[in-house]
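Trainee: I have a structure open and I'm new to it. Could you walk me through some of it?
Mentor: Gladly; let us look at the strands and then at the interface.

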Amino acid sequence: MSMKHQTPLLDELEKGPFPSFVKEIKRAAEHSDYAQDLLGLLELSYKEKVTHWKHGGIVGVRGYGAGVIGRYSDVPDQFPGVAHFHTVRVNQPSGFFYTTKALREICDIWDKYGSGLTNMHGSTGDIILLGTKTENLEPIFAELSSRDWDLGGSGSAVRTPSCCLGAARCEWANIDTMSITNEITQHYQDEMHRPAFPYKFKFKVAGCAVDCIASIARADMSIIGTWRGDIQIDQNEVKNYAQSGMDIQKEIVDMCPTECISWDGSELKINNEDCNRCMHCIAKMTKALRPGSEKGATILLGSKAPIVTGALMSWVIVPFMKMEPPYDELFDLVDRIWEWWDEHGKNRERVGELIERLSFTRFLKDVGLDPQPAMVKEPRRDPFFFWSEEDVAK
Amino acid sequence: MSELPQRQTDIGPPHYEQFLPPVIKKNYGKWKYHEQLGPGHMVHVAESGDKVWTVRVASPRLLSTDTIKDICDIADAHCDGHLRFTTRNNIEFMVDDESKVEPLMKELTEKGFMIGGIGPRISNVVHTQGWVHCHSAATDASGLVKALMDDLGEYFTTKSLPNRVRLAVACCVNMCGAVHCSDIALVGVHKTPPRIEHEKIKNLCEIPSTIASCPTSAISPDPQKKSVKIKIEKCMYCGNCYSVCPAMPIADPKNDGIAIVIGGKVSNLRSNPKFSKLAVPWLPNTPPRWTETVAAVRKILETYAAGAKKHERVGEWVERIGWEKFFKVTGLEFTLQHVDDFTFARETWRMAATFKW
């Protein structure tokens, strides 16, 4: 099929070594009217330096309030192929592993009912099927769900949980991130598909403090694997690193943030009591050092991007939780947090912002968590603290 | 329409186990160590002695089904029909025998895939939808990534840096990409307040929630017009009102542009996770190649590469040398926009008499 629209600006982005998204859209345009008109619309944006998409309308599949993002063009007459261009979010399998059979199946459904364009994957983790018409949504959902795929979250709901690949291929995984993520997703299907919260709620599960899934920056609840006990040392492997050119003093000892490591040229010693488990030494000497044996997770809460009152990173609310199926302790905590957020949260207020507004102390008290030094960077600087009735002499 | 299969609801995603390559399934949770073998391949060794070799290639994230099927063909030919994607949208091919690595890499290279992204270098760029699919995009995302990575591609495929450098692009301040905690990141920004379409607002928007959406209380009711008014001097162009009320468009082609923020990280390695901070407040939106922005990123990256110690991330390097020195060595201009006047402003002012000349 020849291209319907002239796209001189986009054509420039077919050149160069990095894989080209323009080539991708053109490939899809060989068999898709949606992609043909997407090229035309995008070229117009490149020319005018402005977007040509309107706010999403409410579209979806029967019984769900989430999983589809409505999208309409503001120039439908010029580009009828993308007058409707809704996104379908398909819940990815934990860890982003696929068989080619499963991927081909999704592709075939999408070629039949949509633009043939995808994002592998969206920012939250879903498989994004990019662009279809309202009347195709039910058929797509029937085709997908009959093959065991389901939609992800959107709107004021639990958003599709995601994780690093953890135990599947990483020696640093302190928790089974893929299992936990799958269990959370299955446990909260209703909360994902039928938005009933003040705003969105994201879970991200990282196997260690390296945090390849960016949970501390991008999840309302960040679950980060950690350990208690001593880092296991293989002294022979330490020597091998030294012999193969690693400057252990400079690269390991001097870079340890808590100064708890020493090296005398033949033996590496770690004062584990002073270790804060940052992962630097383990990540650099992966053959020689391994996390301690008592595994679990630190639970942090509250991160989000800057809209509205500034970006937040998650902070510690549970220093150590054992993470073993059926994860009752975690679910119990989440339910208490949601109940509190539901009760006090304003429309479009993330849980982290609510805690900022009402105070962390009130959150701890209401949700039933005991204060611990691990929850703060430092104690308060001001003398303005509250007492309750029972603290005061009558 | 042909007969549709029976739909199911609330079944959740398929269980991940069925998608794992056999060597991964067998050694799940029993990995011992891994080694980087090159810019784009590595080997993981299990307690059992089994090994899995991984080859990583770049992806534009926006993929046609045709390309996904091509990728599947490669995985069928070399990887027994298995593959995965990374959290930064790279594609990973895994094999269970060393002899399979070279033919796999050969075919990937022949087919034009860019192998790399592992270790102390640039990995794939996390980014958002941009003009391809978003109503609030102040710039495009896919195009910026393409322009950036065409220029910096050698840092993905061959050249190494003091540590990994995480790039991200967000097409507006909603930051659906991880811009607020990345080493070097671009964000589409506005410079002018929203316009109020008084005629449309009555039908399209809920006045109280529009007023409540403003983080600086710049929006107040305008009862005469049954609309709202904006205190212009309070507006910092975040566009949150436009997210709530479509009758307050903020896009302004002449003034929308790109800000560069740097020094963020999410890992806890050595130093705590850090937010990105403003390096360049505004550069013009110049598709299709965004030459000013690409040049500024290269300048920052190369200054970091020259000045940082081994293992230092961009933010760690800047904190060691000091921000005042960062502006000096990069030659970037320090402006009024760099001084924080928002929620967490006070924490960012220099409450000490120590700084470098």
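Trainee: What do β1(B) and β2(B) form, and how many residues are between them?
Mentor: They form a hairpin, with 4 residues between the two strands; please keep in mind throughout that this is a predicted model. Strand β1, residues 31-36 of chain B, runs antiparallel to β2(B), and the pairing extends over 5 bridges. Within it, Glu35(B) is the residue that stands opposite Val43(B) of β2(B).

Trainee: And what about β2(B) and β3(B), how do they pair?
Mentor: Strand β3, residues 51-57 of chain B, pairs with β2(B) in the antiparallel sense over 5 bridges, and Met42(B) has Thr54(B) in β3(B) as its bridge partner. These two strands also form a hairpin with 4 residues between them, and in its turn Gly49(B) has a positive phi of about 95°.

Trainee: Is β2(B) buried or exposed, then?
Mentor: Of the 6 residues in this strand, which covers residues 41-46 of chain B, 6 are buried, so the strand is largely enclosed by the rest of the structure. His41(B), Val43(B) and Val45(B) point one way, while Met42(B), His44(B) and Ala46(B) point the other way, and all of them are buried.

Trainee: Switching topic: how many residues does each chain bring to the contact?
Mentor: Chain A contributes 122 residues and chain B contributes 115 residues. The size of an interface is often given as the accessible area lost when the parts come together. For chain A and chain B the buried area is about 10600 Å², with 60% of it coming from carbon and sulfur atoms. On the chain A side, Phe18(A), His55(A) and Arg169(A) lose the most area to chain B, together 9% of what that side buries.

Trainee: What about salt bridges and polar contacts across it?
Mentor: The rule finds 12 salt bridges across the interface of chain A and chain B, and Asp10(B) and Arg194(A) meet through their side chains in a salt bridge at 2.6 Å, N to O. Across that interface there are also 73 residue pairs in polar contact.

Trainee: Which element gives the largest share of chain A's side?
Mentor: Helix α4, residues 100-113 of chain A, does, with 10 residues on the side that touches chain B. By class, that side of chain A has 60 nonpolar, 31 polar and 31 charged residues.

Trainee: Which strands pair between the chains?
Mentor: Strand β4 of chain A, residues 117-120, pairs with strand β4 of chain B, residues 62-64, in the antiparallel sense over 3 bridges. There, Thr118(A) has Leu63(B) as its bridge partner.

Methods:
Residues are numbered from 1 along each chain as its sequence is written. Chains are lettered from A and ligands numbered from 1 in the order in which they are written. This is a predicted model: local features need pLDDT of at least 70, side-chain atom pairs count only at pLDDT 80 or more; totals for chains, interfaces and linings use all residues. Side-chain values use heavy atoms; hydrogens and water are left out. Contact means heavy atoms within 4.5 Å. Buried area is the accessible area (1.4 Å probe) that two parts lose on being put together, summed over both. A salt bridge is a side-chain nitrogen of Lys or Arg within 4 Å of a carboxyl oxygen of Asp or Glu. A polar contact is a pair of N or O atoms within 3.5 Å; within protein, one must be able to donate a hydrogen and the other to accept it, and residues adjacent in sequence count only if both atoms are side-chain atoms. Ala, Val, Leu, Ile, Met, Phe, Trp, Tyr, Cys and Pro count as nonpolar, Asp, Glu, Lys and Arg as charged, and the others, Gly among them, as polar. Two strands pair if DSSP finds at least two bridges between them. Buried means under 20% relative accessible area, exposed over 50%, partly exposed in between (1.4 Å probe, protein chains only).
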